[in-house]
Amino acid sequence: MSGFNALVGLRIIGREGEEFMVTLDVEERHHHDLGSVHGGVFLALADVAMARVAMSALENEPVQTVELKANFLRPFTSGTIAARGRIVSLGRRLVYTEARIKSDERLLATASATMMRNGNGEKVK
């Protein structure tokens, strides 16, 4: 796991059917000043899930996020949250993805991203 993912505490679960799941056990360090999970934490979780599903579909070819959008639907303070990324469109150069962040069955946030394929044929190990 990369330094950033470890720093935040993300757990890479892996591919489940057409989706890729990443989880996080929320701690106080993930909160903003008002006491709930910071939006940047939701974005990091979603971005990793969406990038991983794209890379999985491309047989581990690296991708870069070129656009990222999120909708924060409700605050969250403690427990485990999970992001499930899925591919909407896989093109020759761009991959469009979406993610849903939930705790149990409660939808907390949604995100979408456009990923650019690395294009040099290099694979991530």
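Residues are classed by relative accessible area: buried means under 20%, exposed over 50%, and partly exposed in between (1.4 Å probe, protein chains only). By this scale E27, at 40% relative accessibility, counts as partly exposed. The structure is a predicted model, in which local features need pLDDT of at least 70, side-chain atom pairs count only at pLDDT 80 or more, and totals for chains, interfaces and linings use all residues. Residues are numbered from 1 along each chain as its sequence is written, and side-chain values use heavy atoms, with hydrogens and water left out.

The protein chain contains two helices and six strands. Helices (H or I, at least four residues) and strands (E, at least two) are DSSP runs, numbered from the N terminus. Their order along the sequence is α-β-β-α-β-β-β-β. The radius of gyration of the protein chain is 14 Å, close to the 14 Å given by the globule rule for 125 residues, so the chain is as compact as a globular protein of that length. This radius is taken over C-alpha atoms, and the rule is 2.2 Å times the number of residues to the power 0.38. The C-alpha trace spans about 45 × 25 × 25 Å along its principal axes.

Of the 125 residues in the protein chain, 39% are buried. Contacts (heavy atoms within 4.5 Å) were also computed. Among those with a separation of 6 or more, 61% join residues 24 or more positions apart. The accessible surface of the protein chain is about 7,100 Å², and carbon and sulfur atoms hold 50% of this area. Areas come from the Shrake-Rupley method with a 1.4 Å probe; for residues, only the protein chains shown count as cover.

T97 has a relative accessible area of 0% and is buried. Neighbours within four places in sequence aside, T97 is in contact with M50, V53, A54, R86, I87, V88, A111, S112, A113 and M115. S103 is also placed in strand β5. Its relative accessibility is 11%, so S103 counts as buried. Beyond residues up to four places away in sequence, S103 touches F76, T80, I81 and L108.

The protein chain carries 16 positive and 15 negative charges, whose mean positions are 5 Å apart. Lys and Arg count as positive and Asp and Glu as negative; His and the chain ends are not counted. Each charge is placed at NZ of Lys, CZ of Arg, CG of Asp or CD of Glu.

Side chains of opposite charge can pair when their charged atoms come close. A salt bridge is a side-chain nitrogen of Lys or Arg within 4 Å of a carboxyl oxygen of Asp or Glu. The count by this rule is eight salt bridges. One of them joins the side chains of R11 and D25 (2.6 Å, N to O). This pair links distant parts of the chain: R11 is in strand β1 (residues 11–16) and D25 in strand β2 (residues 19–26), 14 residues apart. R11 is partly exposed at 35% relative accessibility, and D25 is partly exposed at 34%.

E27 takes part in a salt bridge with R29 (2.8 Å, N to O). Another salt bridge pairs E105 with K102, with the closest N and O atoms 3.7 Å apart. E105 is exposed, at 67% relative accessibility, whereas K102 is partly exposed, at 26%. A network of salt bridges links E16, E19 and R84.
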